Amino acid sequence: MHTLRKLVLDVLKPFSPSALELAKRLLQLRGVKRVEVSLIEMDRDVENVKITLEGNLDYELLKKEIEKLGASIHSIDGVTVEKR
Amino acid sequence: MKIIRNLSELVQELRSNEINEIARRYFVINSFDGVMIVLSLLLSFFFTEQADARFILIACLSASFATMLSGIFGAYFSESAERTGRLRELEKSMLRSLKNSEQERRARIASVYIALVDGLSPLLLSLVALLPMFACIYLSFSCSLALRASIALCFVLIFALGFLLGRIAKRNPFVEGAKITAIGGVLAFVLFLLERVS
């Protein structure tokens, strides 16, 4: 068994919710200890952000919440897993 | 706990600048409409020396309810259409459907909130203006005095709306209030002329 400790996601999101709101919402999820959102690129209606999450992560839960916020995961750019 | 969190999120969303700004605009526009309609009816009754308080009240309340309904549904349909259009644009940029997303929920909440503000504000202000007429019926108040008091209240409310606009525009609120009250004066003058001519 393994624990997902860190995830780096490339995410496309609308301007609203803001990066701050998105980070706060992700931080409320079970197991999430730290969230970092940084802007990569801005377009007319959308922006591309890099989200770094740390804690005892559940990828499916994160994906569901990100999609609920109107954003979509482009790619998983980094993963850290640990043995239990 | 979840309900409290959802409610606090809802309040936070409704206080967001964009929604508040639109709601404030609708509030002023439709409140002004509502009070002007009631004022025009009251002035007509005053100039034609109508003395049946119940008749006056029913006529004014019907007009207020009509303004409320037109405000609620007009604002809801137009806001909803605008926001749905914007959502579809966003879907194109996101290359995905935003069904059941936060954006769709927010668009729905904003449309309902704005529609309620737009519809209820003229009704509320009209009811305030008609308080003397209620007093006339239920407290056996003089009808002629109640009619004059309601007309005066309409002018006070119109001035208050102008005052509010002045505060928003960071101009002298008293000057703005006086300007908008003058429009009520124009209405009174036109109705007076109409009564003389007919």
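Let me start with pLDDT, which is the predictor's confidence in each residue, from 0 to 100. What we have here is a predicted model, where local features need pLDDT of at least 70 and side-chain atom pairs count only at pLDDT 80 or more, while totals for chains, interfaces and linings use all residues. On labels, residues are numbered from 1 along each chain as its sequence is written, and chains are lettered from A and ligands numbered from 1 in the order in which they are written.

So, chain B. The average pLDDT there is 89, and 91% of the residues score at least 70. Where is confidence lowest in chain B? That would be helix 1 (residues 2-14), with a mean of 66, whereas helix 6 is highest at 93. Helices here are DSSP runs of H or I with at least four residues, numbered from the N terminus. For the complex, the predictor gives an ipTM of 0.75 and a pTM of 0.78.

Now the interface. I call two residues in contact if their C-beta atoms, placed from the backbone, lie within 7 Å. By that rule, 9 residues of chain B touch 11 residues of chain A. On the chain B side, helix 3 (53-94) and helix 4 (102-129) each give two or more residues, and helix 3 has the largest share, with 4 residues.

Let's finish inside helix 6 of chain B, which spans residues 143-168 and holds L161(B). Is L161(B) buried or exposed? Buried, because it has 21 C-beta neighbours inside 10 Å, and the cut-off for buried is 20 or more. Leaving aside neighbours within four places in sequence, L161(B) contacts V28(B), S31(B), F32(B) and I180(B).

Methods:
Buried ≥ 20, exposed ≤ 12 C-beta atoms within 10 Å, placed from the backbone.
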